Amino acid sequence: MTAVLDTPARTVPQTNGGVGGLLRGEWVKLRSLRSTWVALAIGLVLMVLLGWLFTGTAESGGPGGDGGGPPGLSFTDPVGLSLAGYRLAQLAIGVLGVLLVTGEYATGTIRSTFAAVPRRWPVVVAKAAVFSAVVFLASLVAGGASFLVGQASLGDLGVGLGADGVVRALLGLALYLTAIGLFGMALGWLLRSTAGAISTLFGLVFLLPILGQLLPASWGPDVVRLLPGEAGAQVFSVVPVADALGPWSGLAVLIGYLVVGFAAATVLLHRRDA
Amino acid sequence: MIEVQHLAKRYGEKTAVADLTFTVRPGVVTGFLGPNGAGKSTTMRMVMGLDRPTSGTALVNGKRYAEHRAPLREVGALLEARALHPGRTARAHLTSLAATAGLPASRVEAVLDLAGITAVADQRVGGFSLGMGQRLGVATALIGDPATVVLDEPVNGLDPDGVLWIRTLTRRLAAEGRTVFLSSHLMSEMAQTAEHLIVVGRGRLLSDSSTAAFIEHAGGESVRVRSPRATELTGLLAADGVTVTSGETGLLDVRGLDAATIGDRALAAGIAVHELTVVRPSLEDAFMTLTRDEREYRTDEEMHR
């Protein structure tokens, strides 16, 4: 026990762990919290189950069938129908993005983090990089599972992986969910409070698209299609939707939100006391 | 070495720290004393580069905190109790910091061992007692084997064993030539641990001296004498530079003579002495004298609100 501090000083490196160390540190933080895996599992398992439910009930008049169902879910869009559970998955992943940041503020660990990295902005980048990698891979797997389960459940009406736009849709879905997770993270850095950031996330991604439908037809759709979720979701839509942006321009709008959000967050991060 | 120069922090109208200048030197334990709201924690956060000073500078080992390339190597801090995620294990908490700072995994084991929490290292911090959380906080502060150690209220929530551990540890860290700066509101603890004291009140420096000199400043020693013939004894002791006061019959408070001289004179005159006690002012006395007007919240003010 005494040996620990009695050893002559300067037994450890003179520089920080660099990029590798920063990423490893954030990875340890991410994986050591149960909430990470619970949120990912809930969001992604629900996505697969909902896709299975929607495709399985379509023929009996469920979503996309003759009986109606929510707008945007169409029997003639088997890919979209099998991936429609993303609406729940995005909330779980966005909330996780919020929590990974606000959890540090709520518990005070942000001070240890910034004491280790006083320049601060590398923490923002490393957290985003590690989280993106995990969410992208998990979403790719869950999106693939939703697609396969959904198409199998559609039987003759289903399409294969080789069909037009399917690969783009699956990669796009993983990109989209990653971007929404990052959007949650940016809100977390900006607002630093769990309740505030989650409310804002729900409002922008979940509530505003619904409220937007009540806006006048002359300009309402122009607003709605520029909301982060509505714009970004086009990257995995196979059947073009009226009034919506194209796949890549839609994703570009969502990335625009991220750039603005993270830029503002980083500026504030250096002005504010930790 | 911590060098604070004209450091100030204002939050709108409220001044937390006003023009603070002091130096914390290596090799001794330096205590940071002040009533609640005196600006101790704010000062420590500014030293750690976490809060931005309104004006002035705080240098650690010669540089601003943020300019260090391996900050955890230079300064280790325990800034508030339980700055820990309850869902994470102690080992994961330390491992993430070690990775970020480029420290070997052996440092994690070393500080776990040092803090005596190896046995609970793989338990979630949420289940830790206040004392165990505090030990993990100290382990966190020492993970980089830092030249300067900053501890804000380290003995808070510790049991007597833990208090003794902190006292021994901080003295050893100082003896190894490190700079050790700790705040506490527990005077008796401070009197036993700190050799040097920096005292603040309402964000201003009140005193910067050795602990012994600080206590001395509050009034020197006196000798309490109890004797059935106190009045006669008073006559014997009275001289230039000697003051004798009496609070109650048969009891004298003598300043300016040491206990041996008083005892010898009483014996020579054949006067019985029932008590002969050297009374030293405590750190509490010294502190209360100094900060009487500086306390942020006074009971009479509270009552008039």
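Twenty residues line the second largest pocket, and those nearest its centre are B:Gly49, B:Asp51, B:Arg52, B:Arg64 and B:Ala66. A pocket here is an open set of points on a 1 Å grid over the protein atoms alone, with protein on both sides within 12 Å along at least five of seven lines; a cavity is a set where a 1.4 Å probe fits but cannot get out, and lining residues have an atom within 4 Å of a point. This is a predicted model: local features need pLDDT of at least 70, side-chain atom pairs count only at pLDDT 80 or more, and totals for chains, interfaces and linings use all residues. Residues are numbered from 1 along each chain as its sequence is written, and chains are lettered from A in the order in which they are written.

The pocket volume is about 360 Å³, a volume being the space filled by probe spheres set on the points, with points joined across faces, edges and corners.

Now the cavities. The whole structure has five of 30 Å³ or more.

Of its 14 lining residues, A:Glu26, A:Lys29, A:Leu30, A:Leu100 and A:Lys127 are the closest to the centre.

Notes: Side-chain values use heavy atoms; hydrogens and water are left out.
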